[in-house]
Amino acid sequence: MRIAILIPCYNEALTIGKVVRDFKRELPDAEIYVYDNNSRDGTAEVAREAGAIVRRETRQGKGNVVRSMFRDIDADVYVMTDGDDTYPAEFVHELVRPIVAGEADMCIGDRHSDGSYSKENKRPFHNFGNQLVRKLINTLFHADLRDIMTGYRAFSRRFAKTMPIQSEGFEIETEMTLHALDKRFRILEIPIQYRDRPPGSHSKLNTLSDGIRVLKTVFWIFKDYKPLAFFTAVALILFLAGLGVGIPVLYEYFSFGRIAKIPSAILAVGFMVLATNSLTCGFILDTIVRHHRDYYELLQNEFKG
């Protein structure tokens, strides 16, 4: 089977050569693609010398790179990893095996089961962010995944060629997981070891800005994929606000037979109208999403793997 190793890169000249050589050693027949995302440190030259097929993606952001990779590269099995040498290449066999056997559509390299991520990662807020996003997604989709945001994954051809990628940056891993859960793809987690970047290599992640982007992605996908739950929650908040404002007005009316707090009465009615509209939107959008899932399933049936 044709196996493609996909390595998005931005200023990883210090480590990319070792990463390419490690994967060549483990999978000598695989094609290794390094997509250079406007690096300024000679990443492309180092990767080419190590034996990788080097291409360039000018649109900045990991999501843009992965979108181009999935569109351009033709293979039976896709393996995505990072160019910073944090994911050991020797685990690639365990990630690829279930895809080749037809047992999974996406295999996730789980960094948390053996505790290596919390031990090796020197950015405590990243650990906190990972756990927060994991709990949110597992709650929303009734799942039990341990590592939502890992960058070490293997995909089937069906998954890679039918996933619509909307993300531009590092929230791409979260989007992949959400898409797989929503479309009922088979997900398998494989425990791996994680190691921190070597000395001199610097992360491109910004804890605050990238964390906000990931949470925004979860928020919008919650709205798009679970509209009934989302708009019901909004309606409940508006309903409670309406009760909070309206109860004193009702008490005044039933006690004295008149309403002196006219602005409060108008505000309470407004909250209740908005709550009703939100609930109605939830039902309508939920019907649309269900039809969209049906249409996606029909497209899957027509896909020629």
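Modeller: A disulfide is counted where a pair of cysteine sulfur atoms lies within 2.5 Å. The model here is predicted, and by this rule the count comes to 0 disulfides.

Colleague: Why is C9 called buried?

Modeller: The relative accessible area of C9 is 2%. Buried means under 20%, so C9 is buried.

Colleague: What makes C281 partly exposed?

Modeller: C281 has 38% relative accessibility.

Colleague: How many of the residues in the chain are buried, as a percentage?

Modeller: Of the 305 residues, 50% are buried.

Colleague: Which residues are buried in helix α1?

Modeller: In α1, residues 16-26, the buried ones are I16, G17, V19, V20, D22, F23 and E26. They pack against β1 (3-9), β2 (31-36), α2 (43-50) and α4 (92-100).

Colleague: Why is α10 called roughly antiparallel to α11?

Modeller: The axes of α10 (residues 227-256) and α11 (residues 262-302) cross at roughly 165° and come within 8 Å. Angles over 145 degrees count as roughly antiparallel, so α10 is roughly antiparallel to α11. The residues of this contact divide into 23 nonpolar, 6 polar and 1 charged. The crossing of the two helices is left-handed.

Colleague: How many helices and strands does the chain have?

Modeller: The chain has 11 helices and 7 strands. Its C-alpha atoms fill a box of roughly 85 × 45 × 35 Å along the principal axes.

Terms used:
Residues numbered from 1 in each chain as written. Predicted model: local features only at pLDDT ≥ 70, side-chain atom pairs only at ≥ 80, totals over all residues. Heavy atoms only, no water. Buried < 20%, exposed > 50% of the residue type's maximum accessible area, 1.4 Å probe, protein only. Helix = DSSP H or I, 4+ residues; strand = E, 2+ residues; numbered from the N terminus. Contact = heavy atoms within 4.5 Å. Axes fitted to C-alpha atoms, helices over the stretch in contact; angles between N-to-C directions. Parallel < 35°, antiparallel > 145°, perpendicular 65-115°, else oblique. Left-handed = near helix turned anticlockwise from the far one by under 90°. Nonpolar A, V, L, I, M, F, W, Y, C, P; charged D, E, K, R; others polar.
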